[in-house]
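Please view the sequence and the structure before reading on.

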Amino acid sequence: MKKTLLATAALILAAGAAMAEVKVGMITTLSGGGAGLGIDVRDGFMLAVKQSGRDDIDVVIEDDQQKPDIAVQLADKMIQSEKVDVLTGIIWSNLAMAVVPAAVAQGKFYLSPNAGPSALAGAGCHPNYFNVAWQNDNLHEAAGAYANTAGHKNTFILAPNYPAGQDALTGFKRFFKGDLAGEIYTQLGQTDYAAEIAQIRASGADSVFFFLPGGMGISFLKQYADSGVGLPVVGPAFSFDQGILQAVGDAALGVVNTSQWSKDIDNPTNKAFVETFQAEYGRLPSLYASQGFDTANLLISALDKAAPSDADAFRAALEAADFSSTRGAFRFGPNHHPIQTIYAREVIKEGDVFTNKIIGVALEDHADAYAAECKM
């Protein structure tokens, strides 16, 4: 009986530890040109928390204004004053590079719902850093692979000059087997692309690959369509995602883009997510919303097993990734980045709504190129 009582007490203590209030600091972009991305990550995350029915998760949300210095100030406040256990939310890789290394060095866990710079996947990896979306190169690698199958031989490539843009062109070139008609790094936040489009026109290219997330992609696609250049375009999902397509309109129709998520992935979790997100917020979910949703569900699955205060047990629970992803099959590689299938999608119109449909698999069960450099 004594052994039974002790065992029961131990279980009660373990359950109590797992159910103790957990404070999550979400730093994301809620204003300016990239606000739609952060809003979707926030809304997807909070939908999962709501659906879990848990009352032990306290989420503190702040707007980083897409500025690294603001993000650092917010992270310092959350760690020092708010005493958060877990950080999440950052969209932009330059902000992630400013925040993540210092946060994990202070013993905090960081779950990335978006930014996945190569520096944090390879030599700069950390046991407390998990990326739930992708490593930055991944969707661009898939675009390079698709460009090969589409018969593109001489592609003009461009991206903004910041860590994710550099990773984008590196990833595309890693898999693309043709020649480059030109390669340009644009300014982050740029909205006028007349000079770049003129260079594309004069380059002799047979196709275009670009990575320009948020408002940058809207501006480029509209100007590109108006220019009449007419070369086929391939890109990652970031410029062809649900929240962006309505602003781009007909200029995006028929464009093939690559993504690890799509609203038409056929599994029960994704079907329920699309339906409940639309019911909750009155719009179709985006890639970013799905990533926020998956990030929250990963966190919840880990909290069912351990509290962040028990760092080793909580880390092991995160590594197990014991949750139902909107993507279907999901697992982490040795550097805490996903191994997953990446699809080719085509922009279509359903009634009055621009959206995407899957047309094939670009890369199956794909891992990132930096895992071997991670020594944790």
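A residue is called buried if its relative accessible area is under 20%, exposed if over 50%, and partly exposed in between (1.4 Å probe, protein chains only). The model is predicted: local features need pLDDT of at least 70, side-chain atom pairs count only at pLDDT 80 or more, and totals for chains, interfaces and linings use all residues. Residues are numbered from 1 along each chain as its sequence is written, and side-chain values use heavy atoms, with hydrogens and water left out.

**The sheet**

Helices (H or I, at least four residues) and strands (E, at least two) are DSSP runs, numbered from the N terminus. Two strands pair if DSSP finds at least two bridges between them. Five strands form an open sheet in the order 2-1-3-4-5, with parallel pairing. Strand 2 and strand 5 are the edge strands, each pairing on one side only. Strand 1 and strand 3 pair in the parallel sense over three bridges; Val-24 has Val-86 in strand 3 as its bridge partner.

**Asp-64**

Asp-64 lies in the loop between strand 2 and helix 3. Asp-64 is buried yet has no salt bridge, a term for a side-chain nitrogen of Lys or Arg within 4 Å of a carboxyl oxygen of Asp or Glu. Lys and Arg count as positive and Asp and Glu as negative, while His and the chain ends are not counted. Two distances from Asp-64 are listed below.
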